[in-house]
Each structure stands twice: as C-alpha cells, then as structure tokens.
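Please examine the sequence and the structure shown below. The paragraphs that follow lead through selected parts of the model, one element at a time.

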Amino acid sequence: MKININNLLEKYWNAEASLQEEAELRAYFSGSDVAPEHEQFRDLFSYFSVSRLQSTDLDVEEVLSSLSDIDAILVKYWNAETSVEEERQLSEYFAGDSIAPEHEQFKDLFGYYDVLKAQTSSLDLNELFEKHKTQDTDIDGLLEKYWNAESSLEEETVLREYFSGGKVAQRHEAYRGMFGLFASKASETCDLDVEKILSEAEAEIGERAIGSHVMPRASKAKVFSLQRWAAGIAAVFVLGFAAITVMDQAEPTTQYKGHATVLDDEAEAQEAYEITKEALAFLSKNMNKGSKTVVSSVSKAEKVKIFK
Amino acid sequence: MNKLFSLVVLLFLSLSVSAQDDAIDKFFEQYQDDEEFTMVYVSPKMFEMFTRIAGDELDVELKSIVKDLKGLKVLKTETNAEQIYKDAVKRIPTKEYEILMTARDEGQNIKVLTKTQGEDVIEELLLLVGGADEFVLVSFVGNINLNDLARIAGKLDIDGVKHLEKLGQD
C-alpha cells in the first residue's frame, strides 16, 4: 500500500496522476493510517478534498461548457481563436437586447465591429489585387498605376486620350501638361549625339575648372590639360633624377694625379698622422698670426688715448 | 596641382642646399688633377685608424683633437695663388660657412671659416691662406675644439709645415 502511495504521490507531483489516482490519494490521506513520511502532505490533500469541487479535478472543457456559450466564445475571441461563425454569433448577441450585465462593457466594441463588418465584410483582398491588375477605366486607378510604372501601353494611351480631351477633372489638371507633352513626344526617337554633348560638357567644365588661368581651349580640353600636366611632371622628375645623379657624383675621388696624395691606406697611417699634425699646426700658426696682429694693434691702440 | 608644384620646388631647394655642401669638394675636384696643385686627402677611415695604430706616439692633447676629426683635405699651390684664393673665397657658400676669423698679415690673406651645426658643434673648418706666393686651403671635417687647438698651438712644431711642401715634391 505504501509503495503504491509513493508511486501515486510521485505521479501527483509530476501532474501525471489520473483523477482515479488522486481520489485514491485523497482517500488515503483522509484516513487515519498516514505514514509518518506522508504526514506533511496530509493537510495539503485534506485541503484539496475540501476544495475538490472548486479546483483540482476541473476539466477545462467542462468549465467552458458550464459557462454560458457567449462567455466561451468571448474567451476564444480574446485569444483570436474564434471562427467567423462564432464571431457572427457574438455580433448577433451584442446586437440583440438580452445582453448579460457582465457583457455590457463589450457592447460598443462589438457594435463597432458590426458596423465595420457591414462595410468591409465582403472585401476580398485578392479580388482587389486582381481588379488592380486588370485594365481599369478609372482614371485615378490608371494614374496610380502610371506613377508606379505599372501601366500598360494601352492604359497610357487611355490616359493620354483622357488628358487631350476636354473633360479633365480638376484634380488631374496638374498632369494635363505632362500627358500632353508625352503625346507629342511619343513619336520622337532619341537621336541625340551623346558623345557630342558629353564632350561639349567636358569642355565647359574644363574651362571653368582652370579658374584664373586663361588658356585657349580645344573641345577636349580636360584630357588635353591632363596630358600637359603629366608631361610637365614627368619632365620635372626626369630633371630631378638627373640632378640628383650628377650631384651624387660630386664626391671626392681618390686618384693619383699630379701631386695628389690620397692617404687611406693602412700602411700610410703614420704619414697621414704626420700630415694631420702639420695641418693642425699650420692652422694654429695662421690663427696665431691673426691674433698676434690683433694683440699688437690693441697694444698700439692703448697708446692712443681715444677715450678720455 | 599648385601644391604639387610647390612641393617639387621645395624638394629641389633642399637638394640644392645639399649641392652647396659639395662646393668645396667641387673646388677640390677641380684642382686635384692639376699638376700645379698639391692635394692631400685623409679619409675618415684613416682618422679612425690613428687612434688604433699610432696610439702610443700620439700626443695626448693632440689626440684629443684628432679623435674628433673625420677628414682632412689640403689643397696648395704656388702658381696664380692670389687668383685661386679669390676664386676659392667666391665659391664658398656663405650660407653654410661662417667666417671665424680673417686676417691679413705680411701680404697674406687668411680666412678661417666654420660650418656649425647648432651652437657649439663645428662640422667643418676651412682655412684659406692666400698670398702672392702661395695659396693653401685646408679643410678639417669633424669637430674641432678651438680652445684645445689654441692650447697645443705652441706645442705643435711650427716648422713641421714644411712637411706639407715636401710632400708636394714627391
């Protein structure tokens, strides 16, 4: 028995217990030999047995059916689960006089829908699209198509005829000029020389782009100036490279000519040193020459009392 | 376009400035092949060797000067000395070289010029001596501390200048 109860409880906690099994559990708990480990649940099941009628074994379907039909349909309606038939039922109900007090609040809602329904219920969207696609003698419809570039040639002819006629509606007046234009232009072919126009445009742009420079311009001005610039830049770079090359060559060469002695040989280090020494001596000698002169001049100057 | 042009112009300006660096070199080059001239060129590499090779013999104070030197060029002649001197003076780019000292003594013109980098760093020192009988151009490349030079001026063998002339007779 106990194992059974445990099984049942297990099922119950998993919400897998059937009504029968729940009844068994309840019976067990309302009895007097409840196992110690089940004591804690006793109050729970006794509560349930009390509220039995109110909750646990409520069959939702049953509940729904116990409600009035209208409530059921309303519930479905709020869940967008109603069929058209059911909605019709609802609207009939609300259109009638015997509306329950709790449904009063929805009357206006369904009343509104009723009105709408009368207006649009016959609206078949597919029908609409079809109608839109097929030839339409309604000018507005044609215009709509025209703006969307969906009009056929025949429809455009219709439009043109309409606009060339005398009975143009006020709202279409604005477009009359346009359709009139199209009528006359329809027969023309495009024989514009695109090349010519482009080159002329380029010439104009080229002229303006130069700005303050005033230069005579041929028709292909832009391309011409680019070439000139390119040639100029190329010339500059060539000259630059030539100049750099020439300058790079201006390095002292080591050649033995005349009395030229270039000392960079290790063996001649000593001689080079001597020469350096002498060069420095020469330098200092010359510098001393200068200072000697200064000194003697200053001493001479001291004798002359310039400043009293 | 204009920007490009000015950029190119600036580029060449900078290049031309470096061309002035070689004005002295060009001057040397012009005359180094001339048989009338004596030319000596001591390369930077040689100066590096000094400190390694002739270490013991180097006078300490002299060494302090020499170790900063990078190159030495000497050009000397006795023919047309005055003319050459004037030519040399003309060719020195005054933007690069500042006159450190000029003197005229016993018919000899002396000019000492320096090329400095910044305030105290001398890059090159030029010595020009021009007179009726001789013209000498000495170019020291590298830092020369003139104070040190002045100090050892007395120590250096002044007569040793004759060595330079002897060299010309080789």
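Which residues of helix α9 (residues 139-147) of chain A are buried? The model is a predicted one, and in it the buried residues of this helix are A:I139, A:G141, A:L142, A:L143, A:K145 and A:Y146. Just after α9(A) comes A:A149, which takes a positive phi of about 55°.

Side chains of opposite charge can pair when their charged atoms come close. In the model, A:E92 and A:R88 meet in a salt bridge, with a distance of 2.2 Å from N to O. Both residues lie in helix α6 (residues 84-95) of chain A, where they are 4 residues apart, about one turn of the helix. An α-helix has 3.6 residues a turn, so residues three or four places apart point the same way. Over all chains, the count comes to 11 salt bridges.

The next step is to follow the strands of chain B. Strand β4 (residues 108-117) and strand β5 of chain B pair in the antiparallel sense, over 9 bridges. On its pairing with strand β6 (residues 135-142) of chain B, β5(B) is again antiparallel, and 7 bridges join the two. Between β5(B) and β6(B) there are 4 residues, and the two strands form a hairpin. Opposite B:L128 of β5(B) stands B:K111, and in β6(B) the residue opposite B:L128 is B:L137. Why is β5(B) described as largely enclosed by the rest of the structure? The reason is that 8 of the 10 residues of this strand (residues 121-130) are buried.

Strand β4 of chain B also holds B:T114. At 3% relative accessibility, B:T114 is buried, since a residue counts as buried under 20%. Apart from its neighbours within four places in sequence, B:T114 is in contact with B:E96, B:Y97, B:E98, B:L100, B:I122, B:E124 and B:L125.

The side chains of B:K115 and B:E96 meet at 3.6 Å, N to O. This pair links distant parts of the chain, with B:K115 in strand β4 of chain B and B:E96 in the loop between α5 (81-91) and β3 (98-105) of chain B, 19 residues apart. B:K115 is buried, at a relative accessible area of 9%, and B:E96 is buried as well, at 18%. B:K115 forms a salt bridge with B:E123 too, and there the closest N and O atoms are 3.3 Å apart. B:E123 is partly exposed, at 26% relative accessibility.

In soluble globular proteins, nonpolar side chains tend to be buried together. Which members of the largest nonpolar core touch the most other members? Of its 31 residues, they are B:L72, B:L127, B:V138 and B:F140. Helix α14 (residues 269-303) of chain A gives the most to this core, with 9 residues. Another core, of 19 residues, lies apart from it, and among its members are B:Y31, B:L75, B:Y97 and B:L137. The contacts of B:L127 reach into both chains: leaving aside neighbours within four places in sequence, they are A:F282, A:L283, A:N286, B:I110, B:K111, B:V112, B:V136, B:L137 and B:V138.

A nonpolar surface patch of about 570 Å² is made by A:W229, B:M1, B:L4, B:F5, B:L7 and B:V9. Helix α1 (residues 2-21) of chain B gives the most to this patch, with 4 residues. B:L4 lies in that helix, and with a relative accessible area of 36% B:L4 is partly exposed.

How values were computed: Residues numbered from 1 in each chain as written. Chains lettered and ligands numbered in written order. Predicted model: local features only at pLDDT ≥ 70, side-chain atom pairs only at ≥ 80, totals over all residues. Heavy atoms only, no water. Buried < 20%, exposed > 50% of the residue type's maximum accessible area, 1.4 Å probe, protein only. Pairing = 2+ DSSP bridges. Salt bridge = Lys/Arg side-chain N within 4 Å of Asp/Glu carboxyl O. Core = buried A, V, L, I, M, F, W, Y, C linked by side-chain atoms within 4.5 Å. Contact = heavy atoms within 4.5 Å. Patch = residues over 30% accessible without salt bridge, like charges linked within 9 Å, V, L, I, M, F, W, Y side chains within 5 Å. Areas by Shrake-Rupley, 256 points an atom, 1.4 Å probe, with all protein chains shown as cover.
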